[in-house]
Structures are given as structure tokens and as C-alpha cells.
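My entries follow in the order I made them.

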Amino acid sequence: MATATAHVTRTGTGTVLADLLPASSAGRARARDAALVLGGAALTGLTAQIAVPVPGSPVPVSGQTFAALLVGTALGARRGFLSLALYAVAGVAGMPWFAEARAGAAFPSFGYVLGMLLAATVVGALARRGADRSALRTAGTMALGTAIIYAVGVPYLALAAHLSLSEAVSAGLVPFLIGDALKAALAMGALPAAWKLLGRRG
């Protein structure tokens with residue numbers, strides 16, 4: 001009975017994927033969390049280099065938004081926030097790991113980086129409530145996270161690039177909708193499958 005209860009606690013609501021990584025003491029848990037935060041920032045920076053310019057837009061298609069949402073969902077709100085905060089602060093300080101190997105904050109698409117910080121926190125909080133356990137809930141979580149990124153990034157783009165809001169939407173949102181749908185579909189399969197796999201092993 002105790003074993004079954006422990007299994008439910010490990011994989012039940014209130015747990016995110018990263019919580020399933022073993023940590024036998026408080027010190028090891030802190031070391032694990034630090035490694036996860038650093039790894040999440042590194043993953044976001046790495047996927048940001050998968051970038052394709054969009055004609056007529058200062059915002060490239062890149063993998064960083066998808067990585068940021070996955071990091072938030074897998075790590076939870078606190079670690080997701082810290083991971084994306086590390087990514088943002090290091091990039092502003094000069095680490096060339098924003099999209100297209102950019103650094104600093106003096107570019108029109110920097111608002112998307114700020115949006116990713118907020119989005120990772122929100123999807124992490126939702127994941128702790130079980131929002132990544134089924135395909136439909138995962139799709140909703142990814143859609144909300146993506147909407148948050150655009151809600152910050154598009155107005156920032158309008159201000160930074162001196163565009164009207166409609167121009168910013170045309171340049172900084174519309175070209176990316178199909179790609180965002182594909183990313184959501186990938187997450188719909190990957191995250192619930194990861195829970196099922198880890199649940200069988202638990």
C-alpha cells in the first residue's frame with residue numbers, strides 16, 4: 001500500500017516531469033534544480049540558433065519559443081522562470097544566444113524574449129495542475145503560452161520598430177501561426193507520452 005501511495009504522489013497532480021528525477025537529499029535536490037535551470041537556459045539558447053529569416057519581418061522563425069514552453073512545462077513555474085530569466089539576463093549581458101546569435105536588448109524582437117519568460121512561468125504553473133497529461137490539455141497549455149509570448153512581443157515590436165499595431169501583427173504574428181500549430185501538435189504527442197512512459201516505470 002505504501003508503495004502504491006508513493007507512486008501516486010510522484011506522478012499525480014502537483015508534480016511536473018522534472019520532479020520525477022531522483023534526489024536523495026536536500027543538497028542533491030538543490031544541485032538537481034540548478035542543473036535543470038542551467039540546462040533549460042542552454043536548451044533555449046541552442047534552439048534559438050535554429051532560425052530562418054522571414055522576408056519583410058525583423059522576427060525570424062526559430063526554435064526558442066518552443067523550447068521555452070517545453071522548459072516551463074517540464075520544470076514547473078519556479079524553475080521555468082529562473083531558467084528563462086537566466087537565458088534573458090545572460091543574453092542581455094552579451095551571451096550571443098538569442099535568435100540569429102544576437103545579444104543585448106537593442107533589437108525589435110527582444111519583446112518575445114520577455115514574453116517567453118512570462119509564458120514559461122504560466123505554463124509551468126498549469127503543468128503542476130496536470131495541464132500536460134493529455135493531448136487536448138497540452139494543446140491548450142501551449143496555445144496559451146504562445147498567446148502570452150505574442151501579447152508581449154507584438155506590442156514591443158510595434159514600439160521598437162515604429163510600426164502600427166496592425167503592421168506589427170502582420171510582421172510578428174501572422175507568418176508564424178502555421179509553425180506554432182506544428183509545435184503544439186508535437187507537444188501534444190511528446191508530453192503526454194513522456195508521462196505515460198515515466199508512469200509505467202514508476
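I began with H2 and H4, which pass each other in a right-handed crossing. Helices (H or I, at least four residues) and strands (E, at least two) are DSSP runs, numbered from the N terminus. The axes of H2 (residues 26–48) and H4 come within 8 Å and cross at roughly 50°. Axes are lines fitted to C-alpha atoms, for helices over the stretch in contact, and angles run from 0 to 180 degrees between N-to-C directions. H2 and H4 are therefore oblique to each other. I used these classes: under 35 degrees is roughly parallel, over 145 roughly antiparallel, 65 to 115 roughly perpendicular, and the rest oblique.

I keep in mind that this is a predicted model: local features need pLDDT of at least 70, side-chain atom pairs count only at pLDDT 80 or more, and totals for chains, interfaces and linings use all residues. Residues are numbered from 1 along each chain as its sequence is written, and side-chain values use heavy atoms, with hydrogens and water left out.

Next I listed who touches whom between H2 and H4. The H2 side has Arg-32, Asp-33, Leu-36, Val-37, Leu-38, Gly-40, Ala-41, Thr-44, Gly-45 and Ala-48. The H4 side has Arg-78, Arg-79, Leu-82, Ser-83, Leu-84, Leu-86 and Tyr-87. Contact means heavy atoms within 4.5 Å. By type, the residues of this H2–H4 contact are 9 nonpolar, 4 polar and 4 charged. Ala, Val, Leu, Ile, Met, Phe, Trp, Tyr, Cys and Pro count as nonpolar, Asp, Glu, Lys and Arg as charged, and the others, Gly among them, as polar.

I stayed with H4. Its 17 residues should span 24 Å at 1.5 Å a residue, and its end C-alpha atoms are 24 Å apart, which agrees. The expected span is 1.5 Å times one less than the number of residues. Which residues of H4 are buried? I found Arg-79, Gly-80, Ser-83, Leu-84, Ala-85, Tyr-87, Ala-88, Ala-90 and Gly-91. Buried means under 20% relative accessible area, exposed over 50%, and partly exposed in between (1.4 Å probe, protein chains only). These buried H4 residues pack against H2, H3 and H5. Gly-94 follows H4, and its phi is positive, near 130°.

The loop between H4 and H5 came next. Ala-101 is found there. Its phi is near 60°, a positive value in a residue other than glycine. Most residues other than glycine have a negative phi. At 43% relative accessibility, Ala-101 counts as partly exposed. Ser-109 is in the loop between H4 and H5 too. Ser-109 is buried, with a relative accessible area of 8%. Leaving aside neighbours within four places in sequence, Ser-109 is in contact with Pro-58, Val-59 and Arg-102.

I then checked H5 (residues 110–127). Its 18 residues should span 26 Å at 1.5 Å a residue; the end C-alpha atoms are 26 Å apart, in agreement. Its buried residues include Phe-110, Tyr-112, Met-116, Leu-117 and Val-123. What covers the buried residues of H5 includes H3, H4 (77–93), H6 and H7 (165–172).

H3 (residues 64–75) and H6 (residues 135–160) were my next pair. Their axes come within 10 Å and cross at roughly 125°. H3 and H6 are therefore oblique to each other. The crossing of H3 and H6 is right-handed. From H3, Thr-65, Leu-69 and Thr-73 meet Met-142, Gly-145, Thr-146 and Ile-149 in H6. The residues of this H3–H6 contact divide into 3 nonpolar, 4 polar and no charged.

Gly-63 lies between strand S2 (61–62) and H3. Is Gly-63 buried or exposed? At 16% relative accessibility, Gly-63 counts as buried. Gly-63 touches Thr-47 and Ile-50, not counting residues up to four places away in sequence.

His-162 is in the loop between H6 and H7. His-162 has a positive phi of about 55° although it is not a glycine. At 73% relative accessibility, His-162 counts as exposed.

Ser-24 is in the loop between H1 (2–11) and H2. Ser-24 is exposed, with a relative accessible area of 62%. The C-alpha atoms of Ser-24 and Met-116 are separated by 32 Å, and the two are 92 residues apart along the chain.

Note on methods:
A crossing is left-handed if the near helix is turned anticlockwise from the far one by less than a right angle, and right-handed if clockwise.
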